[in-house]
Amino acid sequence: MKNMLKTACLLLLFSAYNCVPAKGVNPEGAATTKNDIQISTSKEMIEKGFSKGTIVSSKSEGCPYILNVEEYKDNLDPINLGDFYKTEVPKQVWVKFSNLRMASRCNNARPVSITEINTRKE
């Protein structure tokens with residue numbers, strides 16, 4: 001009985017010793033940085049077919065917002081942006097869209113329909 005008690009105490013001490021962090025280990029260095037996480041999410045979003053976009057409010061009467069996508073040099077007019085955002089529209093987004101064959105509401109942007117949109121943090 002004494003041997004079992006000694007063995008149990010020894011196991012308890014060893015397991016408690018293993019729970020103590022080692023000296024010289026930098027806990028901040030072990031975790032991934034915020035920038036690394038953003039890069040990995042960027043790769044994931046691009047693989048899923050999303051494009052990096054920026055939404056700017058427009059001064060034109062017919063189109064309230066202009067969408068600028070990094071891949072394209074022209075401006076886009078997202079006609080159904082109100083379906084996704086009722087109150088506050090974010091500035092930086094991940095977006096999937098399709099081109100529309102309709103008359104343009106804006107002088108300097110072509111109409112597109114947003115199929116999916118997510119807020120981008122950068």
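A residue is called buried when its relative accessible area is under 20%, exposed when it is over 50%, and partly exposed in between (1.4 Å probe, protein chains only). The structure described here is a predicted model, in which local features need pLDDT of at least 70, side-chain atom pairs count only at pLDDT 80 or more, and totals for chains, interfaces and linings use all residues. Residues are numbered from 1 along each chain as its sequence is written, and side-chain values use heavy atoms, with hydrogens and water left out.

The predictor's confidence in each residue is given as pLDDT, on a scale from 0 to 100. Its mean over the protein is 78, and 73% of the residues reach 70 or more. Over residues 24-32 pLDDT stays under 50, and the model has one contact (heavy atoms within 4.5 Å) beyond four places in sequence for these residues.

The protein contains three helices and five strands. Both kinds of element are DSSP runs numbered from the N terminus, helices being H or I runs of at least four residues and strands being E runs of at least two. Their order from the N terminus is α-α-α-β-β-β-β-β. Of the 122 residues, 25% count as buried. The protein exposes about 9500 Å², of which carbon and sulfur atoms supply 56%; accessible areas come from the Shrake-Rupley method with a 1.4 Å probe, and for residues only the protein chains shown count as cover. Among the contacts with a separation of 6 or more, 57% are between residues 24 or more positions apart.

Strand pairing is described next; two strands pair if DSSP finds at least two bridges between them. Strand S1 (residues 51-57) pairs with S4 in the antiparallel sense over four bridges, and within this pairing Thr54 stands opposite Gln92 of S4. S1 is also joined to S2 by five bridges, again antiparallel, and here Ile55 stands opposite Leu67. Strand S2 (residues 65-69) is antiparallel to strand S3 (residues 75-78), with two bridges, and a hairpin of five residues joins S2 to S3. Leu67 has Leu76 of S3 as its bridge partner. Leu76 in turn has Arg110 as its bridge partner in S5, where S3 and S5 pair in the parallel sense over four bridges.

A nonpolar core is a set of buried Ala, Val, Leu, Ile, Met, Phe, Trp, Tyr and Cys residues joined through side-chain atoms within 4.5 Å. The largest such core has 13 residues, of which Ile55, Leu67, Leu81, Val93, Val95 and Ile117 touch the most other members. S2, strand S4 (92-99) and S5 are the elements that give two or more residues to this core. In soluble globular proteins, nonpolar side chains tend to be buried together. Apart from neighbours within four places in sequence, Ile55 is in contact with Tyr65, Ile66, Leu67, Leu81, Val89, Pro90, Lys91, Val93 and Ile117.

Aromatic rings were examined separately. Rings of Phe, Tyr and Trp (its six-membered ring) pair if their centres lie within 6.5 Å; planes under 30 degrees apart count as stacked, over 60 as edge-to-face and the rest as tilted. By this rule there is one aromatic pair. Tyr72 and Phe97 form this edge-to-face pair, with 5.9 Å from centre to centre and 70° between the planes. Because Tyr72 lies in the loop between S2 and S3 and Phe97 in strand S4, the pair ties together parts that are 25 residues apart in sequence. Tyr72 is partly exposed, with a relative accessible area of 37%, whereas Phe97 counts as buried at 19%.

Phe97 also takes part in the surroundings of Ser113. Ser113 is found in strand S5 (residues 109-119) and, at 18% relative accessibility, counts as buried. Leaving aside neighbours within four places in sequence, Ser113 is in contact with Asn80, Lys96, Phe97, Ser98 and Leu100.

Gly62 is in the loop between S1 and S2 and is partly exposed, with a relative accessible area of 36%. The C-alpha atoms of Gly62 and Arg105 are separated by 5.4 Å, while the two residues are 43 residues apart along the chain.
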